[in-house]
Amino acid sequence: MSLVSLHHPLSSSAEQLRVLDESARAHKPFARALADSGLFPLRATGIRVFQINVGKLCNQTCRHCHVDAGPDRPEIMTRETAELCMAALARTDIPAVDITGGAPELNPNFRWLVERSRELGRHVIDRCNLTVLLLPSQSGLAEFLARHEVEVICSLPYFLGEQTDAQRGAGVFERSIDALRLLNGLGYGRADSGLRLNLVYNPVGAFLPPAQHAVEADFKRELGRRYGIEFHSLYTITNMPISRFLEFLLRTGNYDRYMEKLANAYNPAAAAGVMCRYMLSIGWDGALYDCDFNQMLGLSISGGAHIRDFRPELLAERRIVTGEHCYGCTAGSGSSCGGTTA
C-alpha cells in the first residue's frame, strides 16, 4: 500500500515536500546516502551556468512537466528582474546563460536577454519545446536564434508520433518535426555547423532512462532515416518525482515503486557531478535556487537570497539544499540539464 493517498492534485510545494519526505521511511534518506558516500554536505564547486527561468507560461501542457507550465500560468519574469539578472551576470565571468521556462521564448523579454547576454560575451542556451518556433506570434524566432548563435536544446520524447503525442498532446510530434526541419534549414544540427542543436529525452513512464549513448544512436538513425533530421547530441533526463509527474505516480500507484527504484540506483559518481554544484538557478521573481527542481519545490538557496543581493564569491562555495527528490538526479548514470553526470 502506498505511503500516501491523494485524490486531488498536489496544491503546493509544501504538500509535495511532505509526500517526498514520507517516502524516506521506506528507503535510506538522501542525506544519509550522501554521507555514506562522503559527499555530505554537498557544496557548490563554482558557477559555470547562470540559469534563468523566465516563467511558467507555455504553449504546451506536458504530462511530465516539473514546472507545471501551461498556457494559463501568470508567473512571468518582468523587465526589471531581467535587468537585475543581467547586471549580476556582468559582474562575473560565468561563461554560459541557460534560459528556460515554461516556453522561455513567450516571455516578452526573452530576445532582450539573449541580446544582452551575447553582448556580454556569454554562450546562450535556449531550452525550447520546438512547437513554439511555429507560433504566428514568434515569427522570425528561429532566424533570431541562429543570428545570435544560440544553442538550442529541444525536448522530444520519442522519434515516433504516438509516444510523443501521448506525453505532450495531439499533433505535437508532427509540429516538432516541422520545427526541427526549420532549424536544420538554418544550419542547426549539421555536422560542420557551429549552431548547436541538442535533443532531450525523458522516459514516458515510471522508469529510468536507458543508456544515453544508445538512445542517441537510435534517435540519430531513426530521425535521419524517417525525416532527414540531423542533430548534435541527445541528453537523457530522469523524470523528477515532483509536480505533474509526482501526481501521475500517485494516481497510477507507481509512487513508492519509483522512489524505491531511484534510491536503489543511487550512484556516488553521479551525485558528485550533479548540476547544482556548478550552476545557479534564478526564478521568474528573482529568487535564487540551487537548481530548477528546487525552484519548483520552493527550496531557496541557503539564506534565501534574491538576485538583487547577488554575491558570487559566497554563492560559488555555498552548501546545496537537498531533499528526497535529489535521488532523481543521482540514480544510475545521473541526470542533469546536460544529460548524464557519471
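**Cysteines**

I started with Cys 326, which is buried at a relative accessible area of 12% (buried means under 20% relative accessible area, exposed over 50%, partly exposed in between, with a 1.4 Å probe and protein chains only). Before going on, I noted that this is a predicted model, in which local features need pLDDT of at least 70, side-chain atom pairs count only at pLDDT 80 or more, and totals for chains, interfaces and linings use all residues. Residues are numbered from 1 along each chain as its sequence is written, and side-chain values use heavy atoms, with hydrogens and water left out.

A disulfide is a pair of cysteine sulfur atoms within 2.5 Å.

Next I looked up Cys 85. Its relative accessibility is 0%, so Cys 85 counts as buried. My search of the whole structure then gave 0 disulfides.

**The sheet**

I turned to the strands, keeping in mind that helices (H or I, at least four residues) and strands (E, at least two) are DSSP runs, numbered from the N terminus. Two strands pair if DSSP finds at least two bridges between them. In what order do the 8 strands of the open sheet lie? I read β6-β5-β4-β3-β2-β1-β7-β8, with mixed pairing. At the edges stand β6 (233–236) and β8 (288–289); each has a single partner strand, so one side of each is left without a neighbour in the sheet.

Strand β5 (residues 197–201) runs parallel to β6, and 4 bridges join them. Leu 199 has Leu 234 in β6 as its bridge partner.

Then I checked two helices against the sheet. Helix α4 (residues 110–119) packs on the sheet and touches β1 (49–53), β2 (96–100) and β3 (123–128). The direction of α4 makes about 155 degrees with that of β3. Helix α8 (residues 212–227) also packs on the sheet, touching β5 and β6, and its direction makes about 135 degrees with that of β6. For these angles, axes are lines fitted to C-alpha atoms, for helices over the stretch in contact, and angles run from 0 to 180 degrees between N-to-C directions.

**Helix α6**

Which residues of α6 (residues 161–168) are buried? I found Thr 164, Gln 167 and Arg 168. They cover an arc of only 80 degrees around the axis, which puts them on the same side of α6 (the arc is that of the directions from the helix axis to the C-beta atoms). Their cover includes β4 (151–155) and α7 (172–185). After α6 comes Gly 169, with a positive phi near 120 degrees.

**Two histidines**

His 27 sits in the loop between α1 (13–23) and α2 (30–36). His 27 is buried, with a relative accessible area of 11%. What does the side chain of His 27 reach at 3.2 Å? I found the backbone oxygen of Ser 23 there. A polar contact of 3.2 Å also joins the side chains of His 27 and Glu 324 (a polar contact is a pair of N or O atoms within 3.5 Å; within protein, one must be able to donate a hydrogen and the other to accept it, and residues adjacent in sequence count only if both atoms are side-chain atoms). Leaving aside neighbours within four places in sequence, His 27 is in contact (heavy atoms within 4.5 Å) with Met 259, Ala 263, Glu 324 and Tyr 327.

His 148 lies in the loop between α5 (141–147) and β4, and is buried at 19% relative accessible area. Beyond its neighbours within four places in sequence, His 148 is in contact with Val 114, Glu 115 and Arg 118. Glu 119 is 29 residues from His 148 in sequence, and their C-alpha atoms are 9.9 Å apart.

**Backbone notes**

I noted a cis peptide bond from Phe 40 to Pro 41, with omega near -5 degrees; Pro 41 is in the loop between α2 and β1. Another cis peptide bond goes from Gly 101 to Gly 102, with omega near 20 degrees, and Gly 102 is in the loop between β2 and α4.

Ser 243 has a positive phi near 55 degrees though it is a residue other than glycine. Ser 243 is found in helix α9 (residues 243–251) and is buried, with a relative accessible area of 7%.
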